Each structure stands twice: as C-alpha cells, then as structure tokens.
Amino acid sequence: MKSFMFLVILFCAALAQAQTPKTGVISGKIVDKNTQEVLIGAAVQIEGTTNGVSSDVEGVFKLTVPVGSVNVKASIVGYLSLTKYNVVVTSGNANTLTFELEEEKKTLDEVVVKTNRATAAVTTFETPNSIQRLSTEEIRSNPGGNFDISKVIQSLPGVGGTTTGGGFRNDIIIRGGAPNENVYYLDGVEIPVINHFSTQGSAGGPVGILNVSFIEDVTLSSSSFDARYDNALASVFQFKQREGNRERFQGNVRLSASELAATVEGPLGPKTTFLASARRSYLQLLFKLIDLPIRPNYWDFQYKVTHKLNAKTTLTALGVGAIDDFRFGIPRKSTPENTYTLRSVPSIEQWNYTVGFALKRLIDKGYINIALSRNMFDNELNRFEDQSKPSEATRILGSNSQEIENKLRVDVNKFVNGWKFAFGGVAQYVKYNNNFRARIRNEIRDTSGAVVQPAVRVNFNTAIDFFRFGAFGQVSKGFLDNKLNLSAGIRTDMNTFINNGINPLNTLSPRLALAYSLSEKWTINASVGRYFKTPIYTVLGFRNEAGALLNKDNKYINSNHYVLGLEFLPKTTTRFTLEGFYKRYNDYAVSARDGISLANQGGDFGAIGNERTLSTGKGRAFGFEALFQQKLVKNTFAVLSYTFVRSEFSGNSGLLIPSAWDNRHLISGLFGQKLKRNWELGLRYRFAGGAPFTPFDLAASQRNYLSLGTGILDFSQLNSQRLGSFNQLDFRIDKKYNYRRATLDVFLDLQNMLGFKNPAVPRYTFKQNETASGFLSTDSQPVRTDGSNAIPFLLTEGSGNVLPTLGFILEF
C-alpha cells in the first residue's frame, strides 16, 4: 500500500511540472435567511477581483475562478452582504456554497447595499453570544485534526477534551459539562452517535464518524440555545451539509496512515442531487505492526439525497452509520502496559445508524420544517480477566444493548414586520434493551474462612419503551433602529416513563437573550436560560435482581445558564470576544453504590449508568473565555482563545468538589498560511491544565486486581489529586497539483511534533517476572487469589509519541 501511494504521488508530481494554470468552479444558491426564498439578481464576486456573476431566477450562480484560495462575497440591494472566507478552488471538484442573506433595515427611502458590520460575526438574534462557526476548509486543513470534525471542534473557546490519555479521545467538554450534555443535529435531524467506539451513556470515542466532504459549516452554541433544541445542557452542534453537484458527477478518494475514504456526488435528475461516502480503517494492521494488543477496526457510511419537489418544497433524505469492532491480539512482547490493556479494556462490537427525511416547505413570509428520523445504537461489551483467554468463568463484564429512537419534529418559522416567530414540537418513541452482567467485587475470605469482602455482582435483563414529547416557542425582534436585539423562548419536555414525567410544568424552561450595539464595532450581550435533559437510557433501564425498575424516580437534570459578553469587530475580517459564564446544575444523577456524580464519568471506553442512581446531585461551572479570530486576509488566517473554567459537582455528601473535567486553563491557537504554487501550511497548539484524578484504595485494589484487572478507586478522595498539564503542537503542510479535471492534494500531518510527554492517569497492576509470564510475589510463591503476596505497581508513564501522517486526496 505504501509503495503504491508513493508511486502515485511521484507520478502525479512529475506530470504537474508541465501543467498550465487551471481554473475551478464555485456554484451555489442565494436565499433570504429569514424566509428561505431565493434571491434573484444577487451579485456574487471574488474579493479583490472583477470576477463576478448574478444569481438567476432560481437564486443559483456559477463562477469560473483560477485555482487557489479566495473569499467570495454575495450582496443585493436591501440586504446585508455576506462573505465566505478561505474557499479553496481546485480543478478537481466544484465548490457548492449557500449564502443566506439577512434583510437590512431601512429608514425612509434609503435603498442601498450595506455591508454587514463584520462578516466575521456569527451571532444571531436567537443566539447573540456563546456561538462559534467553522467552515469546511477550516475543518479539512486543521493540523492534527486528521479530517475529524470531533477533534477540530476542540480548537474552539470553552471546548476541552479528555487529555488524560494523550488527548486521543473525542470527548467534547463544553464549559466544564460532561460529554453527554451536548446534542448534535445534521440538517435538522438529531444524530445521537458521532464517534466510533462510543461510550454508551456518554458521547466520546477516539474517531469521529461524520465525513468532512459533506459539511458546509459547523455551528456551536455553548449557551443561549434556540428553544427548538431539546436535551441540551452544555451545547448544541449544528452540522450543515452541502448539496451535491447539480451539473456533473465528481468525487474524491482520501488515503492516510489509518484509513481509506471515498466520496461521490452528482445529479440524479434535473431536480435531484446526491452525496455518498464510505470509509474503511486499517488501524488493526498498523497496531499489529507496532505490537500493540488492541485491534480497532471500523467502517462508516453517509449519504444525502436532495429532491426539489416544486419551487416551494424540497425533500432531503439523509443517513449516517458505522460498524465498529474492537478486539485484541497477543503481542509479540509482553510489557506491563500491554498486560494491563489486556486485563482492563473491554472488547467492543458496535453498529449504529441514523436515517431520516427532512421536508422544507416555503410559506408566506416563512417556512415549515418537518423531519422524520430513526436511529439505533447496538453495543456489545465483553471483558475478561485476560482478554486473550476469554471464558465465562473469567468474565468481568458482559453487556448487549440496543437504543432505538423514532422521531418526528415539526417547526414553523415566520418573519413579519421585523418580528421572527418560531414554534413547533417533537414526538419520539423510544425502546431500550440490555442484557447486562458485571462483576463488581469477588467474595474474599481469610485463612479461617471468614468473609472479608462479600461478592458484588450486577445481573439484569431489561426491555423498556416509552414516549417523549416536547413543544417550544421563540420570538425575536430588533428595537431602537436595530441597536437592541431581543429574543425570548420557552420550552417544555415530557415522557411517559419516569414518575411525574408527563407534567409539562416540571420542565418549563424559559430563556431570554439580548444584544445592544454600543457602536458599529462594539456590542454587549447577555443571556439567561434554564435547560433540561432526560436521564440516560442506561439509568432508566436498570433493574435489580428481582426485575424491578429502580430509577423511575429519577428526575430531569436541569441547568441554569447566565452569560455576559462583549464583542469587538474592528474590521469585517476580525473578531474579538470576551464572555463570562455561570452554570448551576440540579437533580444530577448520583451513583447509589459509590456515592459519586455521574457527571464525573464518560471519559473511558465502555458504558456509564447500569446502576441505581439518585437525583440528588448538584453542580456548578463558571469562568470566562477570550477569543481572537482573523479570517483569511493576505493569505493568512488565525484563531487564538483562552478559557478559564471551574467545574464542580456533588455526590451523596452534598459537597461540591472538582469534577473530572476541571482543567481550569484551556489555550488553543491556530495559524494558517497560504503560500505560492498551491502550498499551504498550518500550526495548531493546545494546552490544558492538569485534570483531577482519584487515587486508588490500595488495600481493596490489591485484594481485587486478579479478578477485576484494574485497581479500585478510593472515592473518599474523589478527584483530590491532579495530573500535569497537557501540551500539543501539531503541524500540517499541503501541496495541491491541479490537472484538467483532477486535483491531487498531498499532505504531511505531524501530531505532537515536539514530542511533549503528556500525562496519563495512574494504572494499578502487579509487577511481572522477568519473562513476563506471571506476577512477582513477596515470598516467591504463586500470587494468591487475594493478591496478599503480590507486589503492587503503578503505571504512570505518559504518552509523548509523535504521530506522522502522510497521505493524499485525489479529486476527480
């Protein structure tokens, strides 16, 4: 494979020397942001040139442009102009863009084309603060991101990740909230699973599922949520997909160090376009080559079909799915780290999908969205005392579960005399099944036969189903010549499962946001809101040995947000923001067995929940964020952010203590430079303060290690210690070769290029003998089942590996 890739690169590079300058295509559509009506005669121009066209009677435009990176501006009389930055034009694939222009408020007979106060601004009436946006090129070219949207998101202010294992997981931590407090929408359809090898009850995993080739932009709201979105406590992610090429078939093939991906698109008829992709990893071959005991293997698939039924109605079919297989192999060399992995990590067999239809119907001064979808997540986990020698006698964990949701969403959006109205609802039918077996503790007796430690096991088989409902309303309006923008919303959610879950007053969640323009460049903003989240399915479905459902008394988790911010836009391409935030949590689920909040869990493989919980937990997260963003100007773009955050949650004791996500300091920097002859380079730096961790109960760990494969944490000292800080500098360089109808992009990506040694949470094990065939003991006898003659040992070595990726993208 490597030899073939090298020959392809060498051959294409040689041909490129004889190529003359090439052109590419930018096409798309111009619509009114508030009504979604097409705008006829809008001017579309490449900034800094005279190259421009006007949109036709369908709002469609098409530009032929020399290859390279450009900024594209759209404008029309009576509307704020809008610029799309860093649009990369190649001869291989046409770019498809959608411009949503906002109507400019006029006074008297003034009719002019106005420039937006800053096209770098991303705020809206509904969300005047705590909002960020990434374009497809910012995702695609992000150093260290490996085309993974979930990783690139971690460059945004207020966004952290699980850094305790070298930063390889995609646990998205927003302003100190747990990973399962986020929700994800793809073209209006909720996508519950966005990562391979996802942690059930949470959301993280090592590799993202979504294909960046489909994405036009990503919007993150970390507060001031639009009332249409349910179940969000920390953030709402909106992934907007582009449409397929209307005129011809095109696609791309991407080959990197870990995967092979292919995307195709084109017209299926005069009114229908499609996008489709498939990706296959070969990490299992790489890990076998470097003698790691894990063998991760995954596939993913994605499609979008858009059909224009008539001038007013568009139907979209979309889907995304993944197949994951995480197994183990016997390494050639037995090391303490390999032995620990074989004893502590479960094997994972997962598959998931989301499929749906979204109908958009334009009405007088507005539009209606109707989305019908189904998603399913099948998760099988198995862990044994030694994963290389599985047997029922040595089973520690077994779980075979399915989560199924069928959803109908409807929202009506109107824009009348400067007032924006939105209202609608959602209905869901949910099914959850789980056959669960877990060994928490083995029984241990002393030499006289007395029980020193009773056995603790959890075994249940559950199947539940219920309905969920929700309704919302939102209204927005500009006052004082549009200097003051106000938005108010209200939402309620219900379900037929938990006690009193059908009472709409229990989850009434009002929200209010405002923004006031102090001048053309300065804006102050503030928001307050209450948000609710349903308990996770692994909690709701838990049964005791008698088969009784124990957690029907759990409540919706709720969080109150308070945000105050300042935005400074010195130029149309530059943005500064400063925001302070405070979040107060109530009714968080707390483990009845361990007494700790579930807000601390979800940053590892496996599942959370599956136990008796009590809705007695409280929490808070507070801090501030500062952001500088420079869009593409003179071939350079940059982003720099700093976040200070404190995250604290209580367990049974009621005392607020630092959570697992209490990194306190987060720094992220991104720099990109467009060079001559289609060269591009980028740098990304990430810093996170030391994460809290819980030390081991040494006596209990020694007694149970042989039967559990891990140490036992001392929850009386929950998160009382901290790791060192996390640092990572990533570098990427691209070179594009453009041909008549194809483009080759060769890239080199170096993750952790300076080899920073990042901390890992200590791992408890026993010392091995010289041949690694067993454990050492204090008396030279075989280690007893209670570990009393073993020699405890903590693995504390962090990761400092430089991860190079050489690959290419072939567009055709």
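**Figure 1. Residue classes in the lining of the largest cavity of this predicted model.** By class, the lining of the largest cavity comprises 13 nonpolar and 13 polar residues, together with six charged ones. The lining is formed by 32 residues in total. Those lying nearest the centre of the cavity are Pro192, Ser202, Glu403, Lys533 and Tyr537. Two or more residues each are given to this lining by strand E12 (182-186), strand E23 (347-363), strand E24 (366-384) and strand E25 (395-416). Of these elements, E25 gives the most, with four residues.

Figure 2. Rolling a probe the size of a water molecule over the atoms shows where empty space is left. The largest cavity holds about 520 Å³ of space.

**Figure 3. Setting of Ser527 in strand E32.** Strand E32 spans residues 522-533 and includes Ser527. With a relative accessible area of 7%, Ser527 is classed as buried, because the limit for that class is under 20%. Ala488 is 39 residues away from Ser527 along the chain, and 9.7 Å separates the C-alpha atoms of the two residues.

**Figure 4. Contacts of Ser527.** When neighbours within four places in sequence are left aside, Ser527 is in contact with Asn129, Ser223, Ser224, Leu512, Ala513, His561, Tyr562 and Val563. The side chain of Ser527 makes a polar contact of 2.8 Å with that of Ser224. Another polar contact, of 3.4 Å, joins the side chains of Ser527 and Asn129.

Terms used. Residues are numbered from 1 along each chain as its sequence is written. This is a predicted model: local features need pLDDT of at least 70, side-chain atom pairs count only at pLDDT 80 or more; totals for chains, interfaces and linings use all residues. Side-chain values use heavy atoms; hydrogens and water are left out. Buried means under 20% relative accessible area, exposed over 50%, partly exposed in between (1.4 Å probe, protein chains only). Contact means heavy atoms within 4.5 Å. A polar contact is a pair of N or O atoms within 3.5 Å; within protein, one must be able to donate a hydrogen and the other to accept it, and residues adjacent in sequence count only if both atoms are side-chain atoms. On a 1 Å grid over the protein atoms alone, a cavity is a set of points where a 1.4 Å probe fits but cannot get out, and a pocket is an open set with protein on both sides within 12 Å along at least five of seven lines; lining residues have an atom within 4 Å of a point. Grid points are joined across faces, edges and corners, and a volume is the space filled by probe spheres set on the points. Ala, Val, Leu, Ile, Met, Phe, Trp, Tyr, Cys and Pro count as nonpolar, Asp, Glu, Lys and Arg as charged, and the others, Gly among them, as polar.
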